[in-house]
Amino acid sequence: MSRVLLHPLVWTAIVFAVLPFVAGANPFTGTGGFVDIATQMLIFALFASGFNLLLGHVGELSFGHAMFFAIGAYVTALDVKGYSFDLFGHTWTHVADNNMLVALVLALVAVLVLSVLLGRLIIPRSSGVYYSMITLAFAQVVFFIAFTWSDLTGGEDGLQSIPRPVMPGFDPAFFHDALHFYTFTAVVVFIGLALVYWLTVSPFGSVLHAIRENKVRARFLGYDVNKFRVNAFVLSALFPAVAGWLWTYFQQAINPDASSVGYSGNIVMMSMLGGVQTFFGPILGSIVYWELQNNISQLTKYWEAWIGAVFVVFVLLSPRGIMGVIENVRTRGIGRTTR
Amino acid sequence: MLALTLSQLTDQLVNGITLGMLYILVALGLNVILGLMGVINFSHGAFFMIGAYLMYQFAPMVGFWPAIGIAALLVGVLGMVFESALIRPLYRRIPEYTLLLTFGTALIFAQLVRWKWGDDAVRVATPDYLANPITIAGVDFPVYRDIFLVAVTVVVLTLVWLLINKTNVGIIIRAGTRDAEMVKILGIDMPLMFTLVFGIGSLMAGLAGALAAPIYAIQPNLASQWIVLTFVIVIVGGIGSFWGAIAGGLLIGILSSFMSLLWPPAVDLTGYVLMGVILLIRPRGLFGVEGVFE
């Protein structure tokens, strides 16, 4: 019984149930419980958990994962808003589609195709910091395309007034309520996180861990290391696509910043703050990030400097993040924060 | 579409070379650090930006020429302090941690710059005798952009080349690039060398920033605009390679300059497309050495 109760997914469900009542809590003014902040936290928890499949479980730092988030978001926005543009002497039109599940499938397919192509291009040719630089550069390509191709993407302003989600079997007014949308997000994110959890404890996950610890040994054991790396890359790109899908409906707007260095970096920061190599790390990281962001940005418009400072302190002193600190306190070990 | 005149082509070639000079300075600074220390400095773009702002700060106080020197030197000192305080504790860990740390500090630098100099773009005036173009063979060359900037870059590159290839410090740096541990065993103070090299690399970023100040609008997002492109130049040229940074910087400068004639919307993408092609046919970059950076 206690093993069931202590299961990470049970804890996740409990956190999700409490979050809308405490998110954005400010100890000085006593306010808190902003549902929208809780929704943000969950969407980014899914985004960061998908990203962390790479950083935490394969040990590879992708600095461009925002591109998958952005593409998921843009595909969704274009599907539900429709578009019409001229290219190669032909006018391409798409009539607005009002089924959010269709948008989800399209977003996943788009990201699947891109991540397979990129994974096969990048992964056999690079590793380490080189890999980080290249993924960052490709995310920048997506940023420039979204920024420049105004006919399709709305350019710098992006796409606005995206309709609220519509799903067969639901009253369209259902999603207008913030708490309803939060609940829907929580269900989707929970399913996503359960998949992430299952992947990391599956035999596939074990191979990834073997690659993380020692690529050469993993190869000698007969695993096609690059194939596993590509597969992990593709899988870790799909979760940000779902997060992007949710984000578009949540914000009802999307702009090129979604693929910027800033977004990719924020995801890295969230995972590191919470603690990579753990299931809860990215979830906790996302919650802490938005909590800090919300409180500090009310005090100063230079809030990013403070988040950067918190992050720098963690990189220097506790590279295993908050989960590492918790672990240390629990085992009463001292000086175990270094890898 | 291709009714280009010869003068248009020369103009773009000259523009491209000018742009390339700045790219080279920034990318070579990053590459020197990367080659010796295996450290990617995400804050390198911030150092470039700080160089530009220091130029803006000092040019009216001490004059145009001294301001360039002061800006570059201050950024070099900043780099050395930065390395010894923050990067040194991370040497025993995998290189990704340095990338993460310097990403965090880049956020801090960007906000400090906003706090000190505001969000609005600022400009630095070029002195009159440098602002006016001179005419050679019927083509106008703005003195500052096309002659002064190129001359300064060539001088700096020569000095760096001499430092790396003809001095004892250079010998240690080159040996350290191959095998830092072995050099340390030979009794060389490697942490001191690292700090020195980091200072030189940062100084080049600061110098590029100071030189770019009269050409570009200086604003707080300059750092993030430049850093990714610098990475691309390093990837195209080859990690840790002196000539790679020069070839990559010039190539991307000139190609994007011509692209602005052919198809303006794609200007920003030029370098990235080139990077994709290089990755396909020569993953180590034009001048990269196999296995230097695994």
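Okay, let's start at Met55(B). Setting aside the neighbours within four places in sequence, Met55(B) is in contact with Ala67(B), Ile68(B), Ala71(B), Val124(B), Gly209(B), Ala210(B) and Ala213(B). Contact here means that the C-beta atoms, placed from the backbone, lie within 7 Å.

A quick word on what we're looking at. This is a predicted model, where local features need pLDDT of at least 70 and side-chain atom pairs count only at pLDDT 80 or more, while totals for chains, interfaces and linings use all residues. Residues are numbered from 1 along each chain as its sequence is written, and chains are lettered from A, with ligands numbered from 1, in the order in which they are written.

Back to Met55(B). Along with Ala137(A) and Ala52(B), Met55(B) has the most contacts inside the largest nonpolar core, which has 206 residues. A nonpolar core is a set of buried Ala, Val, Leu, Ile, Met, Phe, Trp, Tyr and Cys residues joined through C-beta atoms within 7 Å. Buried means 20 or more other C-beta atoms within 10 Å of a residue's own, exposed means 12 or fewer, and partly exposed is in between. Which helix gives the most to this core? That's α1 of chain B, residues 6-37, with 17 residues. Helices, by the way, are DSSP runs of H or I with at least four residues, numbered from the N terminus.

Now look at Pro66(B), eleven residues from Met55(B) along the chain, with 9.4 Å between their C-alpha atoms. Pro66(B) is in helix α3 of chain B, residues 64-87. Buried or exposed? Pro66(B) is exposed, because it has 12 other C-beta atoms within 10 Å.

Next, the place where the chains meet. Chain A puts in 33 residues and chain B 34 residues. On the chain A side, α6 (128-148), α12 (261-274) and α14 (303-317) each supply at least two residues, and α6(A) has the largest share, twelve residues. That side has 22 nonpolar, eight polar and three charged residues. For those classes, Ala, Val, Leu, Ile, Met, Phe, Trp, Tyr, Cys and Pro are nonpolar, Asp, Glu, Lys and Arg are charged, and the others, Gly among them, are polar.

Let's zoom in on one pair of helices. The axes of α14(A) and α4(B), residues 96-117, come within 8 Å and cross at roughly 155°. Axes are lines fitted to C-alpha atoms, for helices over the stretch in contact, and angles run from 0 to 180 degrees between N-to-C directions. So α14(A) and α4(B) are roughly antiparallel, the word for angles over 145 degrees. Among the residues that meet are Phe311(A) and Val312(A) from α14(A), and Leu101(B) and Ile108(B) from α4(B). This contact divides into 13 nonpolar, four polar and one charged.

Inside chain B, α9 (residues 222-237) and α11 (residues 270-281) pack at about 30°, axes 9 Å apart. That makes them roughly parallel, as angles under 35 degrees count. Their contact includes Leu229(B) of α9(B) and Met275(B) of α11(B).

Most residues other than glycine have a negative phi. Ser161(A), though, has a positive phi near 40°. Ser161(A) sits in the loop between α7 (150-153) and α8 (178-201) of chain A, and counts as exposed, with 7 C-beta neighbours inside 10 Å. Gln277(A) also has a positive phi, about 65°, and lies in the loop between α12 and α13 (280-299) of chain A. With 19 C-beta neighbours inside 10 Å, Gln277(A) is partly exposed.

Methods
Contact = placed C-beta atoms within 7 Å. Parallel < 35°, antiparallel > 145°, perpendicular 65-115°, else oblique.
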